[in-house]
Amino acid sequence: MGAVLLGALAACGGDSTERTPSSQAAARPTASAVVYTSKAFGVPLTVTVPTSLGVRPVKDTRTFLTWVKGESDRVRFLLPVVVYPPGSDDPVKPARSYDGYLAFLRGQSDYHARWRDTDETKVDGHPATLMTGTTDWSLNGGIGCPTADGNAEHDCHGLQPEFALRVAVIDIGDRTPLVAWTTVNTDQQSDTSAAFTRFETMLRGLRFKSRT
């Protein structure tokens with residue numbers, strides 16, 4: 001699949017509700033979590049990361065920040081440089097607006113994407129949409145790629161038949177939104193609740209940082 005906020009359907013497979021995280025407390029380290037401040041990511045942020053994902057990310061680049069411990073232990077933050085429309089071998093630039101990018105994801109329901117459990121929320125005060133995505137057809141590059149020359153299958157990210165994704169699309173102003181997601185390999189485990197709850201907890205503690 002390429003590999004993981006970050007979301008998309010004709011109108012969504014689940015009811016859409018307005019939900020604001022109950023806690024706006026600053027991120028704090030605990031015995032089972034560490035606070036990580038991004039080093040190179042294009043949208044500076046601080047997030048509390050469960051130690052089950054590792055102390056440090058696997059990558060922290062201008063467009064991609066990711067933790068990987070296993071096929072059901074992945075959390076990714078992506079600033080898409082290009083996306084692959086379903087059925088196309090040619091990448092295109094993603095929509096620069098929050099609504100436009102969401103529409104692109106939701107349009108993938110015409111190509112076997114299934115979206116449910118949609119929540120309208122906020123991440124550190126920024127509008128965000130959370131969705132659970134599955135598919136029975138590979139949608140390589142449908143979420144996006146961290147580089148313009150990425151191979152859709154190997155370097156980019158999208159829904160895949162063996163995975164359930166909890167995706168968050170976050171409005172970060174007049175640019176392509178930030179996409180984040182976590183994955184669960186449903187061939188290996190059918191229960192997604194623990195991984196999805198962990199991801200949403202990370203989002204509640206996420207704070208965007210001013211550039212210095």
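Two strands are counted as paired if DSSP finds at least two bridges between them. Helices (H or I, at least four residues) and strands (E, at least two) are themselves DSSP runs, numbered from the N terminus. With those terms in place, I turn to the structure.

The model is predicted, and local features need pLDDT of at least 70, side-chain atom pairs count only at pLDDT 80 or more, and totals for chains, interfaces and linings use all residues. Residues are numbered from 1 along each chain as its sequence is written, and side-chain values use heavy atoms, with hydrogens and water left out.

Three strands form an open sheet in the order 2-3-11, and the pairing is antiparallel. Strand 2 (33-37) and strand 11 (207-208) stand at the edges with a single partner strand each, so one side of each has no neighbour in the sheet. Between strand 2 and strand 3 (residues 45-50), the antiparallel pairing extends over five bridges. Within this region, Tyr-36 is found opposite Val-47 of strand 3.

Next, the helix that accompanies this sheet. Helix 2 (residues 193-205) lies across strand 3 and strand 11, and runs at about 145° to strand 3. Contact here means heavy atoms within 4.5 Å; axes are lines fitted to C-alpha atoms, for helices over the stretch in contact, with angles from 0 to 180 degrees between N-to-C directions.

Which residues of helix 2 are buried? Buried means under 20% relative accessible area, exposed over 50%, and partly exposed in between (1.4 Å probe, protein chains only). The buried residues of helix 2 include Phe-196, Phe-199, Met-202 and Leu-203, and also Arg-198 and Glu-200.

I now move to the loop between strand 8 (126-135) and strand 9 (163-170), where Gln-160 has its place. Gln-160 is buried, at a relative accessible area of 4%. Its side chain makes a polar contact with the side chain of Ser-138, at 2.8 Å. A polar contact is a pair of N or O atoms within 3.5 Å; within protein, one must be able to donate a hydrogen and the other to accept it, and residues adjacent in sequence count only if both atoms are side-chain atoms. Cys-156 belongs to this loop between strand 8 and strand 9 as well, and is buried with a relative accessible area of 0%. Cys-156 and Cys-145 are eleven residues apart in sequence, while their C-alpha atoms are 4.3 Å apart in space.

Finally, the charged pairs. How many salt bridges does a search of the whole structure find? There are seven, a salt bridge being a side-chain nitrogen of Lys or Arg within 4 Å of a carboxyl oxygen of Asp or Glu. One of them joins Arg-106 and Glu-120 (3.9 Å, N to O). Arg-106 lies in helix 1 (residues 98-107) and Glu-120 in strand 7 (residues 113-123), so this pair ties together parts 14 residues apart in sequence. Arg-207 forms another with Asp-124, the closest N and O atoms being 4.0 Å apart. Because Arg-207 lies in strand 11 and Asp-124 in the loop between strand 7 and strand 8, the pair ties together parts 83 residues apart in sequence.
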